[in-house]
Amino acid sequence: MDLNFTEASTLAIIDRQISGIEENFTPAQYEIIRQVIYSSADLEYKSLLKFSQGALAKGAAALTAVTPIIVDVPEIQVSIVHELQQTFTNPVYCCASMSREVSNRATKASSGLEILAQKYPKGIYLIGQDQAAMTTMVNLIQDRTIEPSLVIATPPTLIESEAKQRLRNSNIPNIHITSAKGGANIATAIFNSLLQLAWQVAQKNQ
């Protein structure tokens, strides 16, 4: 089976089904939305993905500068390392792999994030699964302990997250989901799509 043909055919179907929304997004934002829909098979993401002003440009600049990437769970790390090795070679650190001692009110990811935040306050942060890590990250942002170059936040929650609202109100470049939906696969799809867009620009500018 020709996988390239299959992917192109699927994306063409997606384009037909979400026709018209491109008027509300930049070409780069639209490309990320269609890639998220492609990876999730969920057309609802056309209205759930939100981009803060300048988030993609700032994220692309951080990737080009080989800024370290902090992820909450191993699933994301495994899913982005290969593409990074073929492009900008940014180092990737996983919060859940950092901490062995966890308090009753924390998770491995949130505890590990506190450790990595001290080392990489201006890193690119991908929080795709762990809500406690999301809350910890936003607290550190508000305390001005960290100032991420970009945040991609997609942890699934049954209720609207206060931490997500605080992230929206911050001046940190971010891409997030306005829904109970989300997960590590969505954060990965967003990141890998942004990575490919940034790499294409970097190659053209050489």
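Is Asp 15 buried, partly exposed or exposed? At 25% relative accessibility, Asp 15 is classed as partly exposed. The model is predicted.

## Arg 34 and Asp 15

The structure contains five salt bridges. One of them joins Arg 34 to Asp 15, with the closest N and O atoms 2.8 Å apart. Arg 34 is in helix 2 (residues 27-40) and Asp 15 in helix 1 (residues 3-17), so the pair, 19 residues apart, links distant parts of the chain. Arg 34 is buried, because its relative accessible area of 12% falls under 20%.

## Two bridges between loops

Asp 42 and Lys 181 form a salt bridge through their side chains, at 2.5 Å from N to O. Asp 42 sits in the loop between helix 2 and helix 3 (45-48), and Lys 181 in the loop between strand 6 (174-177) and helix 9, so the bridge ties together parts 139 residues apart in sequence. Lys 181 is partly exposed, with a relative accessible area of 28%.

Glu 147 and Lys 122 also meet in a salt bridge, at 3.2 Å from N to O. Glu 147 is in the loop between helix 7 (131-142) and strand 5 (150-153), and Lys 122 in the loop between helix 6 (108-119) and strand 4 (124-127). Glu 147 is partly exposed, at 45% relative accessible area.

Salt bridges with shared partners connect Asp 15, Glu 31 and Arg 34 in one network.

Ser 193 lies in helix 9 (residues 184-204) and is buried, with a relative accessible area of 6%. Beyond residues up to four places away in sequence, Ser 193 touches Glu 31, Ile 32 and Gln 35.

Notes:
Residues are numbered from 1 along each chain as its sequence is written. This is a predicted model: local features need pLDDT of at least 70, side-chain atom pairs count only at pLDDT 80 or more; totals for chains, interfaces and linings use all residues. Side-chain values use heavy atoms; hydrogens and water are left out. Helices (H or I, at least four residues) and strands (E, at least two) are DSSP runs, numbered from the N terminus. Buried means under 20% relative accessible area, exposed over 50%, partly exposed in between (1.4 Å probe, protein chains only). Contact means heavy atoms within 4.5 Å. A salt bridge is a side-chain nitrogen of Lys or Arg within 4 Å of a carboxyl oxygen of Asp or Glu.
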